[in-house]
Amino acid sequence: MNSRELPVFNRRIFWDVDFEKIDYDAKAAFVIERVFERGDVQDIRNCRRYYGDEKVAEALVNARFLSEITMYLASAILDRPLKDFRCYTLRQSNPQLFPY
């Protein structure tokens, strides 16, 4: 897909996988979700630079789970309403218990 140089991400984002063997193109959705979930501002910029906003939007909008904070961040960065996100609609269809 990309013949450009691979993005530079902090190793702590991928603490549970072999960092040296990550295939950034074949596992794009995994990488994008993980960077938005656990990365900092520079990691997110590198991710958007490498994949482009269209690919990032596709991965995040179709994600089955994103934390609430990540969902709001992705909504703001991509300028998309929350109702477009699959994880938001799944969360609405499975309400949590009432917090006392």
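Let's start with Phe 19, which sits in the segment before helix 1; helices here are DSSP runs of H or I with at least four residues, strands are runs of E with at least two, and both are numbered from the N terminus. This is a predicted model, in which local features need pLDDT of at least 70 and side-chain atom pairs count only at pLDDT 80 or more, while totals for chains, interfaces and linings use all residues. Residues are numbered from 1 along each chain as its sequence is written, and side-chain values use heavy atoms, with hydrogens and water left out.

Is Phe 19 buried or exposed? Phe 19 counts as buried, at 16% relative accessibility (buried means under 20% relative accessible area, exposed over 50%, and partly exposed in between, with a 1.4 Å probe and protein chains only). Setting aside neighbours within four places in sequence, Phe 19 is in contact with Phe 9, Asn 10, Arg 11, Phe 14 and Tyr 24, where contact means heavy atoms within 4.5 Å.

Now step back to the whole chain. The protein has five helices and zero strands, giving the pattern α-α-α-α-α along the sequence. Its C-alpha atoms fill a box of roughly 50 × 25 × 25 Å along the principal axes. Of its 100 residues, 34% count as buried. Among contacts with a separation of 6 or more, 48% join residues 24 or more positions apart.

Helix 1 covers residues 28–38, and Arg 34 is found there. The buried residues of helix 1 are Ala 28, Val 31, Ile 32, Arg 34, Val 35 and Phe 36. These buried residues pack against helix 2, helix 3 and helix 4. Arg 34, an arginine in that list, has a relative accessible area of 12% and is therefore buried. What does the side chain of Arg 34 reach? One of its polar atoms lies 3.1 Å from the backbone oxygen of Ile 13. Beyond the neighbours within four places in sequence, Arg 34 is in contact with Ile 13, Phe 14, Trp 15, Asp 16 and Gly 39.

How do the helices meet? Two packed helices are described by the angle between their axes and the distance between the axes. The axes of helix 1 and helix 3 come within 9 Å and cross at roughly 80 degrees; axes are lines fitted to C-alpha atoms, for helices over the stretch in contact, with angles from 0 to 180 degrees between N-to-C directions. Helix 1 and helix 3 are therefore roughly perpendicular to each other (65 to 115 degrees; under 35 is roughly parallel, over 145 roughly antiparallel, and the rest oblique). Here Ala 28, Ala 29, Ile 32, Glu 33 and Phe 36 of helix 1 meet Lys 55, Val 56, Ala 59 and Leu 60 of helix 3. The residues of this contact divide into seven nonpolar, no polar and two charged; Ala, Val, Leu, Ile, Met, Phe, Trp, Tyr, Cys and Pro count as nonpolar, Asp, Glu, Lys and Arg as charged, and the others, Gly among them, as polar.

Helix 2 (residues 41–51) and helix 3 (residues 53–61) have axes that come within 6 Å and cross at roughly 110 degrees. That angle makes helix 2 roughly perpendicular to helix 3. Cys 47, Arg 48 and Tyr 51 from helix 2 meet Asp 53, Lys 55 and Val 56 from helix 3. This contact divides into three nonpolar, no polar and three charged residues.

Ile 44 also has its place in helix 2. With a relative accessible area of 9%, Ile 44 is buried. Its contacts, leaving aside neighbours within four places in sequence, are Val 35, Phe 36, Leu 73 and Ile 77.

What about the cysteines? The structure holds zero disulfides, a disulfide being a pair of cysteine sulfur atoms within 2.5 Å. The sulfur of Cys 47 is too far for a bond because the closest cysteine sulfur, in Cys 87, is 16 Å away. Cys 47 counts as buried at 0% relative accessibility, and Cys 87 is buried with a relative accessible area of 3%.

Finish at Asp 79, in the loop between helix 4 (68–78) and helix 5 (86–93). Most residues other than glycine have a negative phi. Asp 79, although not a glycine, has a positive phi of about 55 degrees. At 68% relative accessibility, Asp 79 counts as exposed.

Notes
A polar contact is a pair of N or O atoms within 3.5 Å; within protein, one must be able to donate a hydrogen and the other to accept it, and residues adjacent in sequence count only if both atoms are side-chain atoms.
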